[in-house]
Amino acid sequence: MGAYYDEIEIEDMAWDEVKSVYHYPCPCGDRFEISRKQLADCEDIATCPSCSLIIRVVYDPLDFEDESPDDEGSASQESEEDEEEDDNSDDDQFEDALEKLTLTEPSAALVAAAA
């Protein structure tokens with residue numbers, strides 16, 4: 001998207017403890033909002049829930065990379081834990097495949113056929 005209403009630095013936005021979002025006043029009278037989770041996911045677009053305007057939030061993604069998951073529900077946390085377990089098993093399979101990998105010199109017949 002290239003049609004931002006404005007680019008606002010995260011330092012210029014206010015943190016709302018109740019809604020767990022950063023916000024900034026919108027010209028329509030409402031406010032642009034973006035959550036810490038969105039920032040951790042490298043999303044930099046804050047939206048206004050009342051109109052179609054959007055702003056680009058200028059921030060350092062490294063400030064949010066260690067963000068813990070929001071407490072939106074235990075089901076989402078359980079699914080993330082399951083994904084982590086699946087990732088670990090994939091890593092084990094990958095390591096096993098590397099242990100079994102053998103490299104050999106191509107035979108002269110294959111090299112001649114390829115040329």
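The model is predicted, so local features require pLDDT of at least 70 and side-chain atom pairs count only at pLDDT 80 or more, while totals for chains, interfaces and linings use all residues. Residues are numbered from 1 along each chain as its sequence is written, and side-chain values use heavy atoms, with hydrogens and water left out.

**Aromatic side chains**

Y5 belongs to the segment before β1 (6-9); helices (H or I, at least four residues) and strands (E, at least two) are DSSP runs, numbered from the N terminus. With a relative accessibility of 44%, Y5 is classed as partly exposed, where buried means under 20% relative accessible area, exposed over 50%, and partly exposed in between (1.4 Å probe, protein chains only). Contacts of Y5, leaving out residues up to four places away in sequence, are made with P27, F32, L53, I54 and I55; a contact means heavy atoms within 4.5 Å.

A pair of aromatic rings is described by the distance of the centres and the angle of the planes. Two aromatic pairs are present in the structure. Rings of Phe, Tyr and Trp (its six-membered ring) pair if their centres lie within 6.5 Å; planes under 30 degrees apart count as stacked, over 60 as edge-to-face and the rest as tilted. Y5 and F32 form a stacked pair, with 6.2 Å from centre to centre and 25° between the planes. Because Y5 lies in the segment before β1 and F32 in strand β4 (residues 31-35), this pair ties together parts that are 27 residues apart in sequence. F32 is buried, at 0% relative accessibility.

A further ring takes part in a contact with a charge: the charged end of R36 sits over the ring of W15, 5.8 Å from its centre. The criterion is that NZ of Lys or CZ of Arg is within 6 Å of the ring centre and within 35 degrees of the ring normal.

D6 is located in strand β1 and is partly exposed, with a relative accessible area of 36%. Beyond its neighbours within four places in sequence, D6 contacts I54, I55 and R56. D6 and I54 are 48 residues apart in sequence, yet their C-alpha atoms are 7.6 Å apart.

**Salt bridges**

Side chains of opposite charge can pair when their charged atoms come close. The structure contains six salt bridges, each defined by a side-chain nitrogen of Lys or Arg within 4 Å of a carboxyl oxygen of Asp or Glu. Three of these are listed below.

| Salt bridge | Closest N and O atoms |
|---|---|
| R56 and E7 | 3.6 Å |
| R31 and D16 | 2.5 Å |
| D41 and K37 | 3.4 Å |

The salt bridge between R31 and D16 links strand β4, which holds R31, with strand β2 (residues 14-16), which holds D16, the two residues being 15 residues apart. D16 is buried, with a relative accessible area of 13%. D16, K19, R31 and E33 are linked in a network of salt bridges.

In the remaining pair of the table, D41 is partly exposed at 45% relative accessibility, and K37 is likewise partly exposed, with a relative accessible area of 33%.
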